[in-house]
Amino acid sequence: MTGPLERVLRVFLADVSAPRYGYDLMKAARLPSGTLYPMLARLQDEGLAATQWEQQREDAAGRPPRKYYRLTGEGARVARLELAQAATRNTSRRSPQRGALRSAPGSMW
Amino acid sequence: MTTRPAMQRAADLLIRAACRRLPGEVREERSREWSAEVLAILHDSDIRVAALRRARALGYAAGVYRSASRLYPSALAASPAMAVADDGTPQWWAQQTNPLAIASMVFGMVALVLSPLAIPAVIFGHIARGQIRRTGEGGHGMTTAGLILGYVSLAVGTTLLVAFVAGL
């Protein structure tokens, strides 16, 4: 599992029931849009993530509805499993990759 | 100042260009999704400086454009728009994007922080337009973005330079 995917799954798992929109996920997982959307599309293809359109609210002040993503039940199960496995791997072998990813330039996008 | 509509317009153009790379049945939905996200970025109160919000919106749109072809690889293969040419190349490969159009847009974006680069952005933009008209290559929207950004940066850069020299 790659660093970016791990970060997205962690964000989702922080509150499984909370649906998140794209920019929200980008900020929370510190990922550029060019990485996030293909990843979400793959998760969706595999039935691990689902989407729903925001209900138009009264206080939205004409703001267009956003598309929200969340993990499916199966997605949450697989994500927990994968993250647990990744954690075991990381404790047995210190990965230099993590630090590099954190400071990667262009994380703004 | 004219930077506001220019940046926003460039972001919109990029998103429209990205949607054109998608299979027809998902275009409309993705377009609505991404446009709503651009607005969310432009109204993000975590980023204090308005120019940075606009820059981020532009970066967002650029990322969306870059990754659009990776979003629906299986659907692309199946959709009629993605028919395969005689030599076995999918048609969306045949529609090449003009390299100077890409260069113009990239220079145009960087020119927003480094004004002198507006000059190559504008020159490349005009050359690319001519080439696209002759060859039918893709990238017309990119030249528009490159030219708008280029001219805006040129105007801002010149104004600053004149103000600086006059102030000495």
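Start by colouring by chain and selecting the interface: chain B and chain A bury about 2,000 Å² between them, with carbon and sulfur atoms giving 55% of that. (Buried area is the accessible area, for a 1.4 Å probe, that two parts lose on being put together, summed over both.) This is a predicted model, where local features need pLDDT of at least 70 and side-chain atom pairs count only at pLDDT 80 or more, while totals for chains, interfaces and linings use all residues. For your selections, residues are numbered from 1 along each chain as its sequence is written, chains are lettered from A and ligands numbered from 1 in the order in which they are written, and side-chain values use heavy atoms, leaving out hydrogens and water.

Now pick out the chain B side. Glu33(B), Glu37(B) and Arg56(B) lose the most area to chain A there, together 27% of what that side buries. In contacts, 23 residues of chain B touch 18 residues of chain A (contact means heavy atoms within 4.5 Å).

How many salt bridges does the rule find across the interface of chain B and chain A? Four, counting a side-chain nitrogen of Lys or Arg within 4 Å of a carboxyl oxygen of Asp or Glu. To see a salt bridge between the chains, show the side chains of Lys27(A) and Asp44(B), at 3.1 Å, N to O.

Next, move to chain B and select helix 6 (residues 99–111) and helix 7 (residues 118–135). Helices here are DSSP runs (H or I, at least four residues), numbered from the N terminus. The two pack at about 155°, axes 8 Å apart, which makes helix 6 of chain B roughly antiparallel to helix 7 of chain B. Axes are lines fitted to C-alpha atoms over the stretch in contact, and angles run from 0 to 180 degrees between N-to-C directions; under 35 degrees counts as roughly parallel, over 145 as roughly antiparallel, 65 to 115 as roughly perpendicular and the rest as oblique. Their crossing is left-handed (the near helix is turned anticlockwise from the far one by less than a right angle; clockwise would be right-handed).

Residues making the contact include Met105(B) and Gly108(B) of helix 6 and Gly146(B) and Leu149(B) of helix 8.

Last stop, chain A: select helix 2 (residues 22–29) and helix 3 (residues 33–45), packed at about 115° with axes 10 Å apart. Helix 2 and helix 3 of chain A are therefore roughly perpendicular, in a right-handed crossing. Zoom in on Leu25(A) and Met26(A) of helix 2 and Leu36(A) and Tyr37(A) of helix 3, which are among the contact residues.
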